[in-house]
Amino acid sequence: MGWMGWWRKKNTEEADVKKRLVQANGEVVLEKLIEYCNGKSNLIKTFSASQILRATDNFSHNNSLILHATGSYQCYKGMLEDRPVLVKKWVIKYSPCSGKTCRDIAISSMVSGHKNFLKLLGCCLEFPNPVIVYEYAQSIMCREKSKYWL
């Protein structure tokens with residue numbers, strides 16, 4: 001197999017992995033939406049892994065905002081579709097979409113329209129643990145980082 005054959009095989013394998021993750025994670029998100037929202041929820045936009053990586057500059061330390069006190073997730077500032085966003089990435093290796101992340105997506109969807117909660121813009125299911133995308137709120141981020149958890 002030449003270089004081109006190896007490259008095609010690698011890209012096909014990566015696409016298969018992403019497809020399996022989207023399917024598995026999407027199934028759990030749907031279950032959580034039904035469980036927590038009685039089947040009634042807002043539409044949740046999905047972003048690709050490449051969009052998230054581009055928005056956060058590959059989860060660059062320079063874009064890092066908040067590390068949860070337990071170290072279970074990290075938040076990053078980024079630009080996505082010409083608007084500032086807050087990206088929440090789970091750091092602890094849960095089993096794919098173990099419930100915590102999917103529960104966060106479901107509950108964020110449910111309360112997204114409330115004035116005291118960050119607005120959920122969408123999520124990315126192409127990572128082993130889904131990544132959540134919120135509208136960036138400058139006023140929250142200006143306060144002491146250690147006091148505010150998402």
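**Group meeting: rings, cores and cysteines**

Let's start with the rings. F59, Y76 and F127 are linked into a cluster by ring pairs. A pair here means Phe, Tyr or Trp rings (the six-membered one for Trp) with centres within 6.5 Å; planes under 30 degrees apart are stacked, over 60 edge-to-face, and the rest tilted.

Some ground rules. This is a predicted model: local features need pLDDT of at least 70, side-chain atom pairs count only at pLDDT 80 or more, and totals for chains, interfaces and linings use all residues. Residues are numbered from 1 along each chain as its sequence is written, and side-chain values use heavy atoms, with hydrogens and water left out.

Back to the rings. The structure holds three aromatic pairs. Take F59 and F127: the ring centres are 5.9 Å apart and the planes sit at 65°, so this pair is edge-to-face. F59 is in the loop between α2 and β2, and F127 is in the loop between β5 and β6, so the pair ties together parts 68 residues apart in sequence. Helices (H or I, at least four residues) and strands (E, at least two) are DSSP runs, numbered from the N terminus. F59 is buried at 13% relative accessible area, and F127 is buried at 15%. Buried means under 20%, exposed over 50%, partly exposed in between, with a 1.4 Å probe and protein chains only.

Two lysines come in here. The charged end of K89 sits over the ring of F59, 4.4 Å from its centre. The rule is NZ of Lys or CZ of Arg within 6 Å of the ring centre and within 35 degrees of the ring normal.

Now the cores. A nonpolar core is a set of buried Ala, Val, Leu, Ile, Met, Phe, Trp, Tyr and Cys residues joined through side-chain atoms within 4.5 Å. The largest has 21 residues, and V29, L86 and Y134 have the most contacts inside it. α1 gives the largest share, four residues. A second, separate core has 14 residues, including F59 and V87.

What about disulfides? The count is zero, with a disulfide taken as two cysteine sulfurs within 2.5 Å. The sulfur of C124 is 7.4 Å from the closest cysteine sulfur, in C123, too far for a bond. C124 is buried, at 0%.

Last, backbone angles. Most residues other than glycine have a negative phi. D57 has a positive phi, near 55°, in the loop between α2 and β2. D82 is near 60°, also positive, in the loop between β3 and β4. D82 is exposed, at 77%.
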